[in-house]
Amino acid sequence: MDNALILTHLEAGVLTLTLNRPDRLNSFNDEMHRQLSEALTLAERDDKVRCLLITGAGRGFCAGQDLNDRNVSVEQQAPDLGLSVERFYNPLIRRLTTLPKPVVCAVNGVAAGAGAALALACDIVIAADNANFIQSFCRLGLVPDSGGSWFLPRLAGHARAMGMAMLGDKISAQQTLAWGMIWQVVAADELASTSQTLAQHLATQPTYGLGLIKKALYSSANNTLDQQLDLERDLQRLGGRSDDYREGVSAFFAKRPPSFSGK
Amino acid sequence: METPLILRQQHQRVVTLTLHRPEARNALNTPCLEQLVYLLEHADADTGVGAVVITGAARFFAAGADLHELQQQDLPAALTDRRPSLWQRLAQFSKPLLAAVNGYALGAGCELALACDIVICGESARFGLPEITLGLMPGAGGTQRLIRCVGKSRASQMVLTGEAITAASALQAGLVSEVCVDALTLERTQQIAERISLQAPLALRAAKQALKQAEETGLSQGLAIERQQFVTLAATDDRREGIAAFFEKRTPNYQGR
């Protein structure tokens with residue numbers, strides 16, 4: 001497809017989704033949302049997909065919402081941004097965080113606004129050393145959406161979250177790494193290979209168990225220790241019934257590398 | 001019997017009935033309701049059964065009544081409909097009835113859950129009465145049972161907007177008693193049912209009747225009924241067995257007498 005705004009490529013269990021509007025720094029419009037949603041449906045339904053890798057085409061990762069679609073003149077009625085959040089951004093973040101498979105994000109350049117939130121909503125984030133993160137909402141009188149206001153304080157702490165959200169400064173990849181917001185920074189020309197290698201490794205791992213880990217970690221945000229202990233019991237019960245658990249244990253005793261099916 | 005729309009499974013004293021109309025998202029059409037009532041009445045008469053669990057599929061508990069049936073129904077047909085008497089017979093089931101809900105419990109599906117004594121649901125569960133959006137209203141206890149467990153404002157909001165609520169809201173409102181991980185909903189419900197099924201049958205029956213009376217009567221009359229049920233148990237062998245087993249630190253062996 002020539003005009004695909006999301007490129008999809010499935011290989012060795014890794015579904016790579018490339019945001020593909022390089023001339024607009026991969027900013028979102030409605031059509032791109034629709035294509036991304038279709039790609040996510042594939043990731044959700046296809047058992048062959050055991051890891052999702054999200055990256056951007058060209059020099060940016062994602063500049064958030066395309067403001068060309070948001071130009072409001074004085075005569076016009078104010079647009080309902082809540083509707084767009086409800087229809088596109090919220091389902092996207094919900095689907096990524098509840099996808100029972102690992103999601104890797106390779107941030108190849110600027111990640112601004114909802115683009116930054118999208119990256120931070122992924123399970124493992126690797127950034128190129130020339131990438132940066134901008135909470136640009138405050139410059140337009142808006143609020144960090146797409147989970148931004150949830151992820152920021154959890155990843156960076158209250159003070160840094162407030163600073164980022166209210167000042168809208170450009171934060172370098174190195175800085176986000178130092179603050180513990182992302183997993184790794186690599187040289188720009190190594191980003192693609194490093195992230196592919198990592199995603200391919202994850203795709204050979206016990207996918208079902210990784211899905212349970214994701215659930216446990218996300219649930220911890222609104223559980224007390226007591227509730228979380230109960231949840232861990234339940235998830236461990238499920239993990240213990242998986243094929244991969246058997247395989248893992250028998251490989252351990254046979255001193256051979258395990259061969260996980262993801263079930 | 002014609003094609004089974006409900007699968008029956010028994011483990012020790014617990015019967016699990018699984019709604020099985022996947023092509024219709026487990027919509028409760030009349031044949032389905034008939035089979036359910038038939039199976040419940042059998043379980044009621046079977047002394048080998050202590051409790052019954054009703055469940056559906058992973059994504060749907062039951063997505064309402066059958067709209068095709070309703071579409072064809074005119075006023076005379078509505079007046080002579082068999083469904084209300086089926087629902088009544090279902091409500092008369094005298095043993096503990098549990099619902100294990102994953103996914104959508106809408107319309108009649110929600111009303112079925114409401115008719116159960118205990119509802120356990122998974123995190124994916126959604127409860128709603130969307131009848132109003134079709135120019136209808138709940139017709140199988142929805143307006144009555146819901147308001148008694150969740151209170152006026154929330155019940156009215158659900159009935160009048162037709163919007164569903166999440167598992168977490170349902171727990172908070174008292175519509176369900178536990179929320180668990182989806183993959184364990186049925187197992188957890190069966191665990192509770194099993195525990196119940198090991199109790200003295202006559203005591204369960206009396207306790208359930210007393211609980212149901214709470215919705216029918218005022219407090220003083222309810223207390224009188226409770227007392228009456230309590231006293232009738234005094235004459236049972238199982239009561240002596242239960243108390244004796246407690247003192248002798250052993251598991252009671254109930255006979256249902």
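Trainee: How many bridges pair strand β1 of chain A with strand β2 of chain A?
Mentor: Keep in mind that this is a predicted model. Residues 6-11 make up β1(A) and residues 14-19 make up β2(A), and the two strands pair antiparallel. One of the pairings puts A:Leu10 across from A:Leu15. The count of bridges between the two strands is 6.

Trainee: And which residue in the turn of that hairpin has a positive phi?
Mentor: The hairpin of β1(A) and β2(A) has 2 residues between its strands. The one in the turn with a positive phi, about 50°, is A:Ala12.

Trainee: What stands opposite A:Ile134 in β8(A)?
Mentor: Strand β7 of chain A, residues 132-134, runs antiparallel to β8(A), and 3 bridges join them. Opposite A:Ile134 you'll find A:Lys170.

Trainee: Over to chain B. What does the buried side of helix α12 pack against?
Mentor: In α12(B), residues 237-247, the buried residues are B:Asp238, B:Glu241, B:Gly242 and B:Ala245. They cover an arc of only 100° around the axis, which means they sit on the same side of α12(B). Their packing partner is α10 (201-216) of chain B.

Trainee: Is B:Glu241 buried or exposed, given its salt bridge?
Mentor: The side chain of B:Glu241 meets that of B:Arg250 in a salt bridge at 2.7 Å, N to O. B:Arg250 is partly exposed at 35% relative accessibility. B:Glu241 has 17%, and the cut-off is under 20%, so B:Glu241 counts as buried.

Trainee: How far apart in sequence are the parts that A:Glu44 and A:Arg95 tie together?
Mentor: Those two side chains form a salt bridge of 2.9 Å, N to O. A:Glu44 belongs to helix α1 of chain A (residues 30-45) and A:Arg95 to helix α2 of chain A (residues 81-98), so the pair links parts separated in sequence by 51 residues.

Trainee: How many salt bridges turn up over all chains?
Mentor: Another one joins B:Asp237 and B:Arg240 at 2.9 Å, N to O, and both of these residues lie in α12 of chain B, 3 residues apart. Searching the whole structure gives a total of 22.

Technical notes:
Residues numbered from 1 in each chain as written. Chains lettered and ligands numbered in written order. Predicted model: local features only at pLDDT ≥ 70, side-chain atom pairs only at ≥ 80, totals over all residues. Heavy atoms only, no water. Pairing = 2+ DSSP bridges. Helix = DSSP H or I, 4+ residues; strand = E, 2+ residues; numbered from the N terminus. Buried < 20%, exposed > 50% of the residue type's maximum accessible area, 1.4 Å probe, protein only. Arc of directions from axis to C-beta. Contact = heavy atoms within 4.5 Å. Salt bridge = Lys/Arg side-chain N within 4 Å of Asp/Glu carboxyl O.
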